[in-house]
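Me: I have a model open and want to talk it through. Can you take my questions as they come?

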Amino acid sequence: MPTETNYKVPTMADMAAAGEEPEILFWVGCAGSFDDRYKRVTIAFVRILNHVGIKFAVLGTEESCTGDPARRAGNEFLFQMQAVSNIQILNGYNVKKIVTACPHCFNTLKNEYPELGGTYEVIHHSQFLQNLINEGRIKVKDGQSFKGRKITFHDSCYLGRANKVYEAPRDVLEALDADLVEMKRVKANGLCCGAGGGQYFKEPEPGKKDVNVERTEEALSTGADTIAVACPFCMTMMSDGVKNKNREDSVRVYDIAELIAQKEGL
Amino acid sequence: MEIVQQIVFVVALAATGWYITKRIQLISRAIRLGRSENRTDHADERLRTMLLVAFGQKKMFTNPLVGVMHFVIYAGFLIVNIEVLEIMLDGILGTHRLFAPVIAPVYPFLIDVFEILAVGVLTVCVVFLCRRFIVKVNRFQPERHREMTRWPRTDAAIILIAEILLMIAFLTWNTSDSVLRDRGVGHYAALQGVIPDFLISQYLKPLFINFSDTALIAYERIAWWFHILGIMAFAVYVTYSKHLHIALGFPNVYFSDLKPKGEIQNMPEITKEVQLSLGLPVTTGTDDSQTDDNGQQPAEIGRFGAKDVQDLKWINLMNAYSCTECGRCTAACPANITGKKLSPRKIMMDTRDRLEEIQQGWKANGYDYKDDKSLLNDYITAEELNACTTCQACVNACPININPLDIILQLRRYRVMEESQAPASWNAMFSNIENNMAPWKFSPTDRFNWANQVNEVK
């Protein structure tokens, strides 16, 4: 397929200079900016945004860690330094609506920034994609066919239990026309990937096995060939789990935005 | 003879009342050791939560069979109290089935209901004993959970066996009473024709067929006294037991956290420091209540995070007294499932044990007494704290909305901010955020480089 595409990634600074305000700010997050695997998700999501013609912008180099891992590890001072600086930037651009693909950024921006002076409408990209599908702005196109493929969805704690977003990612996956199979522990009873609360940034404590291996075993036992995630940390943990089980040839881990982009042929 | 029984009864009742009052005072003093925290906002939502989760037992029905069984014990406990009221009044006034003539038309129906519940409670308690000690439900087993030491297991067994004995006493008391009524012995004859046989106890009558009148009266009295003194003793015992949840479960749910589970509580004292260091106008901590006569902020700000129970909030401490050690939190904890030392149930049990230790110190040395121990290190280790993924599974699993994660986070804060005791790789993550605005060691100027690949062919 020839690619005559010309996707754009406007920044808030560009918009402000042109005297414009975007409909939404896409908060990319550290993983979405730096992690090679999750950068592909960021790109997929930006292509979808371009494709449906949403007026969006990113902060670019002005973005900074929300402080989530610092707060959860107990470093409240560092968290608030990050939060207060970020709020200054967000409020400076008069940001009203934020969409992000990271449940940790989502939770922090949505629930924890208001008390420090930053109140925004924050939506997770699963909810955003769900809306686009409901509004008919994303339609089944001639991209990759998912018919007959088994997909299982791994709930991330900070999207699910922490904020009760269970249906949005499932609705998005339903739109793929694939065979959605559920794991034993789902939704409110979902099992953590093992990365939250700062665990991603250190070795796990001694135990019988790693949490991501336990969760991957559960995902594999569904017989799914695709494990869908909606969080950069779940993505890494589940991918590592699949490698640990030597199943990387037959089982793939994708973010829901990537699956929609594949379906749309983007 | 009657009057002696009345005196003994009143003395027993008064002693129980006095002792329980002392226990309540001591426990509430221990809970008030915690820091203040407003949990009285949104009264309507709190009431709704309490009706649903505490009265309605909503979260118990996650496993419907166990939910129904627990509901039988719970309903039995609540409703049988109506019968206890009659027994109390009979004991004080020296009467016999005081309510029977007064509410004659519904009295037999009520007793029938109590008897059905008694059989229900008895059956469920036997099933629960089997689950613990024969089927060996995983979360109660000491081989798998190190906090399941001897006392928690004995405590559970005592409660279940006591309930079984109390129900047996109630049923056989009704039976012996019916037989005496049939035989027209003494004052038992007065209710002949007023009340009939009861639903369950009528079938137990053959048990007493060979008893002499004297033996039967003796049995009736012993069963009656055993039942009511048993209840009084149980009420006292409950204040020492995990079974305190029958009382504290309700306020504990009422005062539960209403915010989204993912939201971690802010520390306003730090906000002020942060705003000062960033050269921003200070928006918190400047209300008049915190300033002294000269308009100055107090020099000493409390501890950052929690080292001991005094640094926790009162609700954390009430949580500890409300915990019935069912272990649903621990069974849901990913760290525990994969063999790490962390057990949310142990966090709650440790907190209560530490409070009980302080109470012992108070009793021996007065309320000013302080020992040199603390919840952190003496009870909860860094290894446990560091293993938590903050996934909220424990918070979600608790049938009465206890929050072990809140305690874990406050202890982490103390270790990180007061003791600088974070694991080395966390310190590296912290300094990366500080210097590179990301938890990894990438240059902040490279943050937007991904955009160059947006138009690359897949």
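**Between the chains**

Me: Start with charge. How many salt bridges does the rule find across the interface of chain B and chain A?
Reply: The rule finds two salt bridges across the interface of chain B and chain A. Keep in mind that this is a predicted model.

Me: Which residue forms a salt bridge with B:R447?
Reply: A:E63 does. The closest N and O atoms of A:E63 and B:R447 are 3.0 Å apart.

Me: And polar contacts? How many residue pairs across the interface of chain B and chain A?
Reply: The rule finds 31 residue pairs in polar contact there, both residues at pLDDT 80 or more.

Me: Which helix of chain B gives the most to the side that touches chain A?
Reply: Helix 18 of chain B, with six residues. Several helices of chain B each supply at least two residues to that side, among them helix 9 (268-277), helix 17 (404-418) and helix 18 (424-436).

Me: What is the make-up of that side by class?
Reply: The side of chain B that touches chain A has 32 nonpolar, 17 polar and 13 charged residues.

Me: How much area do chain B and chain A bury between them?
Reply: About 6,000 Å², with 64% of it on carbon and sulfur atoms. B:W440, B:R447 and B:W450 supply 13% of the area that chain B buries against chain A, more than any other three residues.

Me: How many residues does the contact take from each chain?
Reply: It takes 62 residues from chain B and 76 residues from chain A.

Me: New topic, the sheet in chain A. What is the strand order?
Reply: Four strands of chain A form an open sheet in the order 6-5-7-8, and the pairing is parallel. Strand 6 (179-180) and strand 8 (252-255) are the edge strands, each pairing on one side only.

Me: How many bridges join strand 5 to strand 7 of chain A?
Reply: Three bridges join strand 5 (residues 150-153) to strand 7 (residues 226-229). A:F153 stands opposite A:A228 in strand 7 of chain A.

Me: Last one, B:I408. Buried or exposed?
Reply: B:I408 counts as buried because its relative accessibility is 1%, and the cut-off for buried is under 20%. B:I408 is found in helix 17 of chain B.

Me: What does B:I408 touch, leaving out residues up to four places away in sequence?
Reply: B:I408 touches B:L342, B:I347, B:L385 and B:C388.

Me: Where is B:Y107 relative to B:I408?
Reply: B:Y107 and B:I408 are 301 residues apart in sequence and 52 Å apart in space, C-alpha to C-alpha.

Definitions and conventions
Residues are numbered from 1 along each chain as its sequence is written. Chains are lettered from A and ligands numbered from 1 in the order in which they are written. This is a predicted model: local features need pLDDT of at least 70, side-chain atom pairs count only at pLDDT 80 or more; totals for chains, interfaces and linings use all residues. Side-chain values use heavy atoms; hydrogens and water are left out. Contact means heavy atoms within 4.5 Å. Buried area is the accessible area (1.4 Å probe) that two parts lose on being put together, summed over both. A salt bridge is a side-chain nitrogen of Lys or Arg within 4 Å of a carboxyl oxygen of Asp or Glu. A polar contact is a pair of N or O atoms within 3.5 Å; within protein, one must be able to donate a hydrogen and the other to accept it, and residues adjacent in sequence count only if both atoms are side-chain atoms. Ala, Val, Leu, Ile, Met, Phe, Trp, Tyr, Cys and Pro count as nonpolar, Asp, Glu, Lys and Arg as charged, and the others, Gly among them, as polar. Two strands pair if DSSP finds at least two bridges between them. Buried means under 20% relative accessible area, exposed over 50%, partly exposed in between (1.4 Å probe, protein chains only).
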